[in-house]
Amino acid sequence: MKVGIYPGSFDPITLGHLDIIIRASKLMDHLVIGVLNNISKKTIFTEDERVRFIERVLKEYNLDSRIKVEAFQGLLVDFAKAKNASFIVRGLRAITDFDYELQLAQTNHKIMPDIDTIFFTTRLEYSYLSSSTVREIASFGGDIKQFVPECIVQSVYDKFKAIGSV
Ligand code: ADP
């Protein structure tokens, strides 16, 4: 069985992430979306919120039978090993992603030669899109409907209201 891991912060999940999830899942029997809980990388949304948003999106798009979401801490290769994964999935938006992603993939391969990283290039319409752009726009009450799945739009606004930034 071909198992892949798609790791990231997903703070929050965007349509760019969703596009990668759908395309990657077609190549694998099972895809695990790994929501990274990294104490040195502060996120706006809690681990639980980030996981629940993705679960809601998977359900909405009927993807929840072959794709699961799990939070993880620590080394990605350890998480991948625990899940019996053969692949790590990452997305590439621009040349600026490449340097970092190449280093990450090569380091992971060195630590765990059995696991390969597969890159998906972003679709043109999402090449500019990142979670940080979404956070920025939402924090000013701007329109995020074309950036994140419809079913999480209100929750994203609610969060910024709750933290007092809108
Ligand atoms: P990280 O903190 O690991 O960069 P992100 O949640 O920002 O986590 O991204 C997870 C992965 O998804 C990364 O490989 C990133 O390059 C990719 N990604 C993010 N946004 C897009 C997008 N708009 N199109 C394609 N890939 C994307």
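User: Which atom of the ligand is 2.7 Å from an N or O atom in the side chain of tyrosine 6?

Analyst: A polar contact is a pair of N or O atoms within 3.5 Å; within protein, one must be able to donate a hydrogen and the other to accept it, and residues adjacent in sequence count only if both atoms are side-chain atoms. Here, the atom 2.7 Å from the side chain of tyrosine 6 is an oxygen atom of the ligand. Likewise, a polar side-chain atom of lysine 41 lies 2.4 Å from a ligand oxygen atom, and one of threonine 122 lies 3.0 Å from a ligand nitrogen atom. The ligand taken alone exposes 550 Å², of which the protein buries 91%; such areas come from the Shrake-Rupley method with a 1.4 Å probe.

User: On what kind of model do these values rest?

Analyst: This is a predicted model, in which local features need pLDDT of at least 70 and side-chain atom pairs count only at pLDDT 80 or more, while totals for chains, interfaces and linings use all residues. Residues are numbered from 1 along each chain as its sequence is written, and side-chain values use heavy atoms, with hydrogens and water left out.

User: Where does the ligand sit?

Analyst: A pocket is an open set of points on a 1 Å grid over the protein atoms alone, where a 1.4 Å probe fits, with protein on both sides within 12 Å along at least five of seven lines; lining residues have an atom within 4 Å of a point. A molecule sits in a pocket if more than half of its atoms lie within 2 Å of its grid points. The ligand sits in the largest pocket. α4 gives the largest share of its lining, 9 residues.

User: Which peptide bond is cis?

Analyst: Most residues other than glycine have a negative phi, and most peptide bonds are trans. The bond from aspartate 11 to proline 12 is cis, with omega near 5°, and proline 12 lies in the loop between β1 and α1. Phenylalanine 10 also lies in the loop between β1 and α1; although not a glycine, phenylalanine 10 has a positive phi of about 50°.

Terms used
Helices (H or I, at least four residues) and strands (E, at least two) are DSSP runs, numbered from the N terminus.
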